[in-house]
Amino acid sequence: MCGIVGYIGKGCAKDVVLDGLGKLEYRGYDSAGIALLDKGRLAVEKIAEIQDESNKSKISKLQDLLKEKYSDANVAIGHTRWATHGTPSVLNAHPHVSNDGMIAVVHNGIVENYSELKEMLLKKHNIRCKSETDSEVIAQLLSVFCADGLDLVDAMLKATGMMKGAYAIGAIYKNDENKIVGYRKDAPLIACHTDEGTFIASDMTALLKHSKDVYFLDDDELVVCKADSMQILNRNKEVVEKEIFHIDWNIETAEKGGYDHFMLKEIHDQPDVLEDTLSRRLDSNGRINLDGISLTLDDLNKIKKIYIVACGTAYHAGLVGKTLIEKWAKIPVEVDVASEFRYRDPLVDENTLFIAVTQSGETLDTLMALREAKKKGARVLSIVNVVGSSIARESDDVFYTWAGPEIAVASTKGYTTQLMCLYLIALYMGRLKETISAETEKKVLEELKSVPSKVSGLLKNEGKIEELAKKIYEKRSIFYIGRGLDANVALEGSLKLKEISYINSFAIAAGELKHGTIALMDEDTIVFALATQDELAEKMLSNIVEVSARDAYVVSITKEKNDFFKDASEMVLFIPECIDEVTPLLSIVLLQLIAYFVAKERGENIDMPRNLAKSVTVE
Ligand code: M6R
């Protein structure tokens with residue numbers, strides 16, 4: 001949830017770390033800090049004040065604070081925080097420094113037994129932690145062990161041996177200016193070494209500028225970073241030979257590229273990335289090629305049930321996936337929220353295919369659900385964006401979404417590329433099992449190929465949607481309704497709106513309205529009615545008439561041919577003609593733009609909404 005960067009080398013450590021933190025600010029943005037080893041001194045600077053009129057980010061303020069200082073320091077670790085334990089304040093911001101001033105630590109994740117460790121530190125060593133955080137105990141433990149004569153590597157092994165929870169850690173020691181030590185358990189940590197030095201980070205985007213060839217630490221591995229070398233060790237201090245991951249992302253894809261916000265840029269990226277996701281999976285005959293995924297007919301025949309498990313937006317993509325797989329491959333699918341799946345003793349065995357859907361590949365709930373399913377014998381296929389991420393590495397097969405870096409907290413291209421993968425998987429399974437005809441496969445593929453240009457066309461609605469946003473941005477409650485696949489898309493549209501505009505928004509299957517929720521409709525209510533499914537269009541029309549009769553302001557979203565929705569709605573937004581199955585790829589684009597422009601009209605911090613972080617690596 002937070003971001004870590006560390007650097008030791010020939011260059012100016014302050015610049016490298018602050019630049020990296022700037023790239024990671026979307027991971028956590030309530031406070032930030034840096035610790036440097038500078039001519040025998042351990043210096044720490046932090047910033048955490050509430051947003052002021054300058055509207056500057058915490059990292060730019062940290063940059064201002066450090067302008068004239070520490071230019072000669074060659075070792076530094078930095079952190080951008082999303083508060084879990086303790087309020088966002090300078091005291092709680094990282095790096096945390098031990099009471100003897102010898103150790104500085106940055107930490108992502110949670111030390112679950114921190115209260116116990118705090119008590120032990122006080123009783124046994126008379127060390128009282130200053131902050132409200134769980135993370136500070138790591139610095140205090142390391143200092144106790146270093147004071148006892150251990151070097152930083154052994155101290156780290158001893159401290160992590162006492163800790164429970166999930167953590168990525170970077171630590172420096174005043175008496176050893178030649179090292180940064182990193183440690184990973186259930187929270188991502190990446191390392192790379194170049195002629196310039198050694199780098200660690202919690203996220204690839206911080207390292208792109210320096211190298212695209214990186215090592216992903218596995219659980220219970222430690223990295224010893226020196227200016228001229230890097231070593232990854234296991235808990236027995238044996239050197240681990242690891243595979244290099246080449247990350248095919250350009251720095252520009254992690255920049256705003258002239259757009260006001262990353263979210264708008266990423267909405268506009270969709271035609272290109274959807275094209276990429278699709279074309280990478282089509283062979284020269286235009287047929288689906290799962291490229292490296294060994295899902296044979298025998299395998300498929302053994303699968304009695306599929307679980308799609310994910311969180312948030314990825315879960316919403318999974319809901320669409322269920323309809324597609326059941327329709328085309330005729331295999332029963334359950335879709336589950338990862339945080340629930342794990343604790344309800346699901347009926348999983350070796351005849352189960354577990355599909356994890358995740359943009360970051362690091363969402364802890366999804367990772368834990370995956371491990372649970374594996375323990376019970378399931379085969380794991382994951383749909384992941386970030387190459388080499390924990391979920392990708394722990395899966396039997398990975399279907400990458402190829403969306404490129406997604407920086408805005410509100411997922412947009414992440415969702416549509418996940419959908420595209422689910423279309424391809426469902427079609428592929430149907431073809432293998434012969435539960436769909438060659439003509440159906442061909443027809444759907446033709447439709448999918450036309451999606452990128454249709455999405456480009458939909459983006460031309462921006463002006464109209466901006467006008468609509470001006471009318472509705474002050475509303476206090478906004479509903480999204482739909483039937484069939486539209487009900488799934490409604491959930492995603494509503495999530496987009498609430499996470500960046502903070503408007504209380506609710507999505508419901510339109511047929512359910514009359515069972516209670518219609519009581520909320522009045523002249524103050526806005527309803528986005530999705531009516532893209534041909535067979536359900538008339539039923540949706542009735543639902544629209546019902547809510548209009550209660551004075552709700554209805555904006556319908558339907559296919560171009562359904563002109564008759566104009567009479568029943570205040571406004572209609574059209575998607576181009578297509579088969580019903582692919583409408584989610586189109587209607588969501590309008591809902592993303594609606595959420596964006598409403599939040600913009602309200603003056604919210606769109607890319608970094610309050611209380612949220614891009615990658616949720618705590619349970
Ligand atoms: O990285 P993941 O796809 O696993 O993330 C899952 C959710 O945390 C994520 O989709 C979240 O709901 C987004 N903020 C939605 O925009």
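**Notes on the predicted model**

1. Of the chain's 619 residues, 62% count as buried (under 20% relative accessible area; exposed is over 50% and partly exposed in between, with a 1.4 Å probe and protein chains only). A reminder before you read on: this is a predicted model, where local features need pLDDT of at least 70, side-chain atom pairs count only at pLDDT 80 or more, and totals for chains, interfaces and linings use all residues. Residues are numbered from 1 along each chain as its sequence is written, and side-chain values use heavy atoms, with hydrogens and water left out.

2. On the overall fold, the chain has 18 helices and 24 strands (DSSP runs numbered from the N terminus: H or I of at least four residues for helices, E of at least two for strands). The chain is as compact as a globular protein of its length, because its radius of gyration is 25 Å, close to the 25 Å that the globule rule gives for 619 residues (taken over C-alpha atoms; the rule is 2.2 Å times the number of residues to the power 0.38). The C-alpha trace spans about 80 × 60 × 45 Å along its principal axes.

3. Contacts (heavy atoms within 4.5 Å) are worth a look too. Among those in the chain with a separation of 6 or more, 72% are accounted for by residues 24 or more positions apart.

4. As for the surface, the chain exposes about 23,200 Å², and carbon and sulfur atoms supply 47% of that area (Shrake-Rupley method, 1.4 Å probe).

5. Now to Asn543, which you will find in helix α16, residues 537-549. Asn543 counts as buried because its relative accessibility is 3%. Its side chain makes a polar contact with the side chain of Arg483 at 2.9 Å (a pair of N or O atoms within 3.5 Å; within protein, one must be able to donate a hydrogen and the other to accept it, and residues adjacent in sequence count only if both atoms are side-chain atoms). Leaving aside neighbours within four places in sequence, Asn543 is in contact with Ile481, Arg483, Ala510 and Gly511.

6. Asp336 sits in strand β16, residues 333-337. With a relative accessible area of 9%, Asp336 is buried. Beyond its neighbours within four places in sequence, the contacts of Asp336 include Tyr307, Tyr315, Phe341 and Arg344.

7. Ser339 belongs to helix α9, residues 338-341. This serine, Ser339, has 29% relative accessibility and so counts as partly exposed. Ser339 and Met368 lie 29 residues apart in sequence and 8.4 Å apart in space, C-alpha to C-alpha.
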